[in-house]
Amino acid sequence: MLTGKKILLIISGGIAAYKCLELIRLIKKQGGAVQVILTKSGAQFVTPLSAASLSGEKVLSDLFDLTDETEIGHIELSRAADLVVVAPASADIMARMANGLASDLATTTLLATDKQVLVAPAMNVRMWEHAATQRNIATLQGDGILFVGPDEGDMACGEFGPGRMAEPAEIFNTIDTILSEPPKLLTRPQSRLEKRQSLTYPLTGPLAGKTVLITAGPTHEPIDPVRYIANRSSGKQGYALAQAAYDLGARVILVSGPVNLPLPEGIEVLPVETARDMHDACLEELPVDIAICAAAVADWRVESPADEKMKKRGKADVPDLELAQNPDILRTIANHKTSRPALVVGFAAETQNVVENARKKLTSKGCDLIIANHVGSGSDVMGGAQNTVHIVSQAGVEDWPEMAKQQVAERLMRLLATELQSTDLRAKQ
Ligand code: C5P
């Protein structure tokens with residue numbers, strides 16, 4: 001039920017505009033109020049009179065006159081609603097929204113609102129798939145705008161594909177979900193860890209609905225019950241990546257070696273100690289959409305750790321530790337026969353020939369990207385707050401300037417979100 005809820009419905013130009021009359025009817029039937037803004041091109045498809053008759057409110061146009069502006073004011077208009085819905089949302093209005101334009105009443109209201117905005121796109125399939133539209137969608141999702149549809153099917157223009165506006169019933173159900181408690185957050189199905197910890201995940205952002213698996217920190221390889229082999233990894237870069245992925249809307253699973261970092265909120269952390277534990281935990285979480293191996297996994301473990309603390313004996317009696325190779329988690333995930341993630345990313349901490357070694361690693365591990373960084377003497381990358389990375393892919397090398405690990409994480413996750421969207425798009429073609 002939408003009793004007492006106010007929806008500001010912006011109808012922009014498109015053949016699907018007529019479907020919004022049904023949407024108004026559904027909202028009203030469930031007790032909601034609808035204020036319609038009809039853009040100039042929207043008015044080519046539905047008349048202000050039909051929208052006004054169904055909503056019971058005066059329809060505002062983008063050619064707003066001064067009386068309306070003094071009586072209502074676009075700021076007040078944008079804030080009086082519980083939810084702003086743009087349906088149909090044309091490629092043009094989405095482009096203007098993504099760029100913060102305020103060229104008519106509809107876009108001025110969208111720029112002024114402090115309320116959640118839901119967009120129901122409707123356009124020709126080529127326009128939908130155009131790189132500019134996809135870029136605008138990513139921007140809008142990053143801004144926290146919610147989307148419903150578009151659906152795939154026959155289009156009014158005679159083509160077939162994604163671009164048809166979602167049906168009024170589906171838009172109505174989405175409105176109902178958004179306006180029910182708790183706002184903006186949905187609880188996802190319980191996994192084994194959530195039985196201990198109730199998690200929510202964001203509904204918005206370019207990674208909404210996607211799962212990202214991240215490994216972070218060092219591993220500890222026991223020598224005996226009190227001693228272990230480790231490295232200087234702090235886990236900071238991996239934890240920052242987990243936070244950045246969550247902020248873009250992803251469900252995040254962080255498989256973490258022993259670190260001294262606060263547990264990030266909303267993120268499923270699977271604590272592990274050894275490389276073999278990390279390997280098993282990761283494989284159990286497949287399939288995922290993106291896997292990022294940021295952990296500094298120990299290459300070797302002690303073949304047979306002692307059950308009791310090893311005793312120091314004579315001066316010359318140094319224990320003979322036999323080492324065994326650990327499983328390569330990155331390589332295993334990147335070459336997984338049935339559940340290879342759409343994107344697999346590795347890190348390469350190198351002390352020399354950073355980019356050259358990273359290129360070799362890209363091929364030998366079979367991943368899509370290697371994030372290479374210099375960890376030699378004089379660099380405080382391991383444990384420090386800053387990082388200078390090179391993004392190595394089959395397409396070439398991008399050198400990023402030195403920045404905080406958090407900034408590296410944000411930029412990298414945005415890059416991966418865009419890359420994943422193109423991969424999804426290619427898979428649909
Ligand atoms: O082979 P190297 O350790 O230099 O490769 C670094 C990359 O491989 C990192 O992404 C690291 O997380 C991953 N790796 C792994 N399992 C290993 C060794 C490295 O996942 N056993």
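# Helix packing, sheets and ligand shell

Modeller: Leu21, Ile24, Arg25 and Lys28 of H1 meet Ser50, Ala51, Leu54 and Ser55 of H2. By class, this contact of H1 with H2 divides into four nonpolar, two polar and two charged residues. The model is a predicted one, in which local features need pLDDT of at least 70, side-chain atom pairs count only at pLDDT 80 or more, and totals for chains, interfaces and linings use all residues. Residue numbers run from 1 along each chain as its sequence is written.

Colleague: What makes the residues of H1 and H2 "meet"?

Modeller: The term denotes contact, which requires C-beta atoms, placed from the backbone, to lie within 7 Å. Leu21 and Arg25 are among the H1 residues that meet H2, and Ala51 and Leu54 are among their counterparts.

Colleague: Why is H1 called roughly parallel to H2?

Modeller: The two axes come within 9 Å and cross at roughly 15 degrees. H1 is therefore roughly parallel to H2. The classes are: under 35 degrees roughly parallel, over 145 roughly antiparallel, 65 to 115 roughly perpendicular, the rest oblique. Axes are lines fitted to C-alpha atoms, for helices over the stretch in contact, and angles run from 0 to 180 degrees between N-to-C directions. The crossing of H1 past H2 is right-handed; this term applies if the near helix is turned clockwise from the far one by less than a right angle, and left-handed if anticlockwise.

Colleague: What makes H5 and H6 oblique?

Modeller: The axes of helix H5 (residues 91–98) and helix H6 (residues 105–112) come within 10 Å and cross at roughly 40 degrees. H5 and H6 are therefore oblique, and their crossing is right-handed. Ile93, Arg96 and Met97 of H5 meet Ala106, Thr107 and Leu110 of H6. That contact comprises four nonpolar residues, one polar and one charged.

Colleague: What makes E3 and E6 edge strands?

Modeller: Six strands form an open sheet, in the order E3-E2-E1-E4-E5-E6, with parallel pairing. Strand E3 (60–61) and strand E6 (146–147) each pair on one side only and are its edge strands. Pairing requires that DSSP find at least two bridges between two strands.

Colleague: How do you know that E4 and E5 pair?

Modeller: Strand E4 (residues 83–89) and strand E5 (residues 117–121) are joined in the parallel sense over four bridges, against the required two. Pro121 in E5 is the bridge partner of Ala89.

Colleague: Which strands does H1 lie across?

Modeller: H1 lies across strand E1 (6–11), strand E2 (33–38) and E4, and runs at about 180 degrees to E1. Helix H2 (residues 48–55) lies across E1, E2 and E3, at about 170 degrees to E2.

Colleague: What is the pairing in the sheet of eight strands?

Modeller: The pairing is mixed in this open sheet, ordered E15-E14-E11-E16-E19-E20-E22-E23. Strand E15 (268–271) and strand E23 (396–399) stand at the edges with a single partner strand each, so one side of each lacks a neighbour in the sheet. Neighbouring strands are turned by 15 degrees against each other on average, direction ignored. E19 and strand E20 (residues 369–374) run parallel, joined by six bridges. Ala372 in E20 is the bridge partner of Ala348.

Colleague: Which residues are closest to the ligand?

Modeller: Cys293, Val297, Ile329, Leu330 and Gly346 are the closest of the 14 residues that surround the ligand. Helix H12 (329–334) and strand E19 (343–350) are the elements that give two or more residues to this shell. A residue is counted as near if its C-beta atom, placed from the backbone, lies within 6 Å. E19 supplies the largest share, three residues. By class, the shell has eight nonpolar, three polar and three charged residues.

Methods:
Nonpolar A, V, L, I, M, F, W, Y, C, P; charged D, E, K, R; others polar. Contact = placed C-beta atoms within 7 Å.
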